[in-house]
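Please keep the sequence and the coordinates at hand while reading.

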Amino acid sequence: MNFIKRQILFLILISFLIACTIYWFYWHWRPFTADAFVFANTRAVMPWVEGYISKIHVKNNQFVKKGTPLFSTSPYSYSLKTAESEHELAAAKSKLESCRAQLRRAEAEIRRQAAELEQYNFLYSKGVNMLRQAAISEDYVVRTKCSKISAEAQLEAAQHKKTALLHECNARESLVKKLEKTLALSQYWQNQTTVTALSDGIVTNMTISPGLYGKPGDVLFGFIDTSVWFIQANFKESELSEIRPGVKAVIRLRQYPGKVYHGFVEQVNWSAEKRKSSATTGLAEIRKENEWFLLPQRFPVQIRITNPDDRLHFGASAYVELDIPAHPIRQFFWELFL
């Protein structure tokens with residue numbers, strides 16, 4: 001009777017070991033990990049301009065489409081700045097037109113002075129010839145020569161005035177261009193008083209209310225970009241040899257039993273931090289490992305979900321299985337004897 005009991009216990013033990021072995025090989029036939037979670041691209045939402053938050057257009061955990069207004073900063077001071085820039089630009093343009101009119105007047109004066117100089121040149125030339133023939137007095141020739149010299153000086157002064165006006169007009173043109181840019185910048189900042197969603201996504205961790213004073217760099221709440229969803233799956237280093245971008249993945253979430261998501265490997269991280277430095281000496285510290293159960297390092301593998309839905313939650317735990325062989329027998333003996 002005792003012999004039979006021992007045989008039954010032995011068979012039960014053998015069956016248990018076989019079942020455990022089958023179970024282990026079942027879960028390790030393909031690369032599998034339960035150390036995984038859902039994530040998406042996120043961004044901090046902050047004011048673009050300084051001022052009081054005048055209106056909040058969305059609620060916490062609300063899904064919004066790209067371009068939806070999120071919140072507004074009081075635009076009054078920025079609209080005043082825009083109006084001020086518009087008036088300054090209008091004044092500068094008026095002064096530029098006045099300068100251009102003076103420049104045209106100076107050009108006309110140069111033409112008049114040039115004609116007058118040409119007339120005095122003609123009279124002086126004729127007077128010199130007539131003086132040689134004793135047809136006129138020398139006094140007339142001298143007075144004509146003086147008038148000619150005066151006309152030359154007046155023409156030169158008019159030309160210098162034109163040059164000065166030309167430089168002044170160029171300066172006023174530059175000022176107008178500067179004020180145009182200033183106005184464009186004022187309009188830009190005025191438009192930035194309302195912050196909009198840069199993509200489809202979910203507003204999260206919002207704890208603000210109207211009246212809060214914010215400035216650029218102040219994080220008001222978070223935003224989850226739901227256009228693309230990922231899984232970060234941390235695999236053992238012994239399973240990385242076959243993992244390549246494009247490998248298909250089957251994903252299951254703890255949150256939704258029975259629901260299956262699909263994806264593919266997008267990238268495998270090349271590094272994982274293991275070093276540690278002393279906070280007091282700055283020297284390297286070696287972590288004490290269990291020599292009997294030295295655990296392999298894990299590396300993050302980024303997987304893009306190809307059939308996402310609105311039930312995905314950032315940070316949700318996941319199980320991931322890759323559609324490639326894991327070589328469990330090789331890995332078993334590798335980990336057992338090394």
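Two strands are taken to pair if DSSP finds at least two bridges between them. The model to which this criterion is applied here is a predicted one. With pairing defined in this way, an open sheet of four strands can be traced, in the order β5-β4-β2-β7 and with antiparallel pairing. The edge positions belong to β5 and β7, the latter covering residues 213–214; each has a single partner strand, so one side of each is left without a neighbour in the sheet.

The link between β4 and β5 can be followed at the level of residues. Strand β4, residues 69–73, is joined to β5 by three bridges, and the two run antiparallel. Within this pair, S72 has T194 of β5 as its bridge partner.

As a whole, the protein has four helices and twelve strands. Of its 338 residues, 28% are buried. Among contacts with a separation of 6 or more, 81% are between residues 24 or more positions apart. The protein exposes about 22,800 Å², and 58% of this area is supplied by carbon and sulfur atoms.

Another strand to examine is β11, residues 298–305. Six of its eight residues are buried, so β11 is largely enclosed by the rest of the structure. Strand β8, which spans residues 221–236, is joined to β11 by seven bridges in an antiparallel arrangement. In this pairing Q232 stands opposite Q302 of β11. Strand β10, residues 260–268, also runs antiparallel to β11 and is joined to it by five bridges. Here G263 has I305 in β11 as its bridge partner.

Leaving aside neighbours within four places in sequence, S199 is in contact with R43, V64, K65, K66, F223 and D225. With R43 there is also a polar contact, made between the two side chains at 3.4 Å.

Two asparagines call for a look at the backbone. Most residues other than glycine have a negative phi. N61, although not a glycine, has a positive phi of about 65°. N61 is found in the loop between β2 (51–56) and β3 (63–64), and at 54% relative accessibility it counts as exposed. N205 is not a glycine either, and its phi is positive at about 60°. The loop between β6 and β7 holds N205, which counts as exposed at 55% relative accessibility.

At 49% relative accessibility R254 counts as partly exposed, because the exposed class requires over 50%. Which residues does R254 contact, leaving aside its neighbours within four places in sequence? They are A34, S317 and Y319. R254 and F37 are 217 residues apart along the chain, and their C-alpha atoms are separated by 9.8 Å.

How values were computed. Residues numbered from 1 in each chain as written. Predicted model: local features only at pLDDT ≥ 70, side-chain atom pairs only at ≥ 80, totals over all residues. Heavy atoms only, no water. Polar contact = N/O pair within 3.5 Å; in protein donor to acceptor, adjacent residues only side chain to side chain. Contact = heavy atoms within 4.5 Å. Buried < 20%, exposed > 50% of the residue type's maximum accessible area, 1.4 Å probe, protein only. Areas by Shrake-Rupley, 256 points an atom, 1.4 Å probe, with all protein chains shown as cover.
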